[in-house]
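Let's take a walk through this one together, from the overall picture down to single residues. Have the viewer open and follow along.

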Amino acid sequence: MVYITEELVRRRAEHNECEIFSLEEVSLHQQDIEKIEHIDRWCRDLRILYLQNNLIPRIENLGRLKKLEYLNLALNNIEVIENLEGCESLQKLDLTVNFVGCLSSVESLQHNIHLRELFLVGNPCTEFEGYREYVVTSLPHLKCLDGTEITRSERIRAFQGLVEVKRRVWEQEKEYLRRRAKEKEEAHRKTTGEQERKGSKPGFDGRWYTDINNTVPGLEENKENQEAAENTKLKMTVPDLEEEQRREEEFWHTPCPFTPESRLEAHRHLEEKRKAKEKEEMKPKTPRTLITAEGRVMNVNEPKLEFSLTEDEENNAIVLDLAVYRHLDTSLIDVDVQPTYVRVQIKGKIFQIVLPAEVQPDSSSAQRSQTTGHLVLTMPRVEGEIKVTKGASRPARVCETGRSSSSEGQNRKGHVPERLEVDPSLHTAPDYANIVPRQRAKEGPLERARTPPAASSSSLSDGFEDDLDVPPLI
């Protein structure tokens, strides 16, 4: 049950600097209020009061608002118009979609001589035969009823058949009150049956316990049992969830009369669902696995941000560009660079990515763009990593781990032939320049210089003379 508290009124009085003694207008709609109280003592100068879409069953505690001009009580559970005689300045009253079935209670507004507009659309009394004529004759100062202006001719005709109209209205009102009494009895029986089905009985203090012998010292045990039951409900299996869904559909699709009791029941049902959802959200969630038990680092993107991971070959570094929200405060960002991965925490959500190579965390830098808000992390590689320089032809180095660089692998994949470089000082190449003898300038084209072969000690014998006219042996 929601009460009208001073804190609630002050929170709704922001336009008046949270001062309520001089407040002239306040809106307390959609607050699930079930009783009007305190307003007539705290806000004596109130002129406009909005209380629509609540659970108010009765008009009360408004008699001291002498300056009140407009009262909105639409979409509530009001059944009787009463206790508004003290609102001397009341000019407009809105009771749209309530449960006013006692049409004769309209006569209580005869003392509000300044009342000009009245709205009763959506109430059971509007279905009575002669409803409009009865209201027009009961409130001669009224100018507009349900948004329709009351003309002079309509008022004259209403006064001419006043006796017959009142008789018909009173008969219909009695029939409605009898039907309404049966609905209240049925609703009470239904509520009692549900409580008995749950197997609980009322205790001495008006509360419901499993055992009537439970006293105040046993409340802790009852609370523990209730928490255990709620925890069990949260751990429902698939058949239990299907049964819960079936009951939910049955609740909303079962026809029921439009009464204050049914409206309260629907409201309480929604309230239980909302509290259960809030309790489920407040339950601590299972922490996300960032690093497995085997030491494997997982890629995680909880904030669902766009990112790009590139390699800066000129500076031999890895660059991570993370598209952080543009207007997010930098104090809500926490960056943790490790040799093999990067972890960024953004408003409690984790972004983690594994790096393609080992980097230097101490030499890394983080920058935030003032225009786009992106977070840029520059992480240099560790010593020993291959650095490729464009336009330079030199032999590739090998990492400390003994593996060849990625450039060599790419050359192998592209089927590029490899060339060996040999030091010329290690060997001498044969000289082919003097293989063919050169011609002399004064010799003919057919004449060639004949060079006598060198005599060897093995081939020459004593007494042998070489004749130049004899050609050599081949």
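A definition before anything else: two strands pair if DSSP finds at least two bridges between them. Helices (H or I, at least four residues) and strands (E, at least two) are DSSP runs, numbered from the N terminus. What you have here is a predicted model, where local features need pLDDT of at least 70, side-chain atom pairs count only at pLDDT 80 or more, and totals for chains, interfaces and linings use all residues. Residues are numbered from 1 along each chain as its sequence is written, and side-chain values use heavy atoms, with hydrogens and water left out.

How far does the predictor trust itself? pLDDT is its confidence in each residue, from 0 to 100. The chain has a mean pLDDT of 79, with 71% of residues at 70 or more. Over residues 203-221 the pLDDT is below 50, and that stretch has 19 contacts beyond near neighbours in sequence; a contact means heavy atoms within 4.5 Å. Residues 455-461 also stay under 50, and for them the model has one contact beyond four places in sequence.

Now the overall layout. The chain holds nine helices and 17 strands. Of its 474 residues, 29% count as buried, where buried means under 20% relative accessible area, exposed over 50%, and partly exposed in between (1.4 Å probe, protein chains only). Among contacts with a separation of 6 or more, 45% are between residues 24 or more positions apart.

Start with the open sheet of seven strands, which runs E1-E2-E3-E4-E5-E6-E7 with mixed pairing. Strands E1 (25-27) and E7 (148-149) stand at the edges with a single partner strand each, so one side of each has no neighbour in the sheet. E7 pairs with strand E6 (residues 144-145) in the antiparallel sense over two bridges, and Cys 144 has Glu 149 in E7 as its bridge partner.

Next comes helix H4 (residues 152-160), whose buried residues are Glu 154, Arg 155 and Ala 158. They cover an arc of only 100° around the axis, which puts them on the same side of H4; the arc is that of the directions from the helix axis to the C-beta atoms. The face turned away from that buried side carries the exposed residues Arg 152, Arg 157 and Gln 160.

Further along, strand E13 (residues 333-337) and strand E14 (residues 341-346) run antiparallel, joined by five bridges. A hairpin of three residues links E13 to E14, and Ile 333 has Ile 346 as its bridge partner in E14. E14 also pairs in the antiparallel sense with strand E15 (residues 349-354), this time over six bridges, with Val 344 opposite Phe 351 in E15. The E14 and E15 hairpin has two residues between the strands, and in it Lys 347 takes a positive phi near 50°.

Which residues of these strands does Leu 322 touch? Leu 322 sits in strand E12 (residues 317-322) and, at 1% relative accessibility, counts as buried. Setting aside neighbours within four places in sequence, its contacts include Val 344, Ile 346 and Phe 351, as well as Leu 375. Leu 322 and Leu 375 are 53 residues apart in sequence, yet 5.1 Å apart in space, C-alpha to C-alpha.

Note on methods:
pLDDT = per-residue confidence, 0-100.
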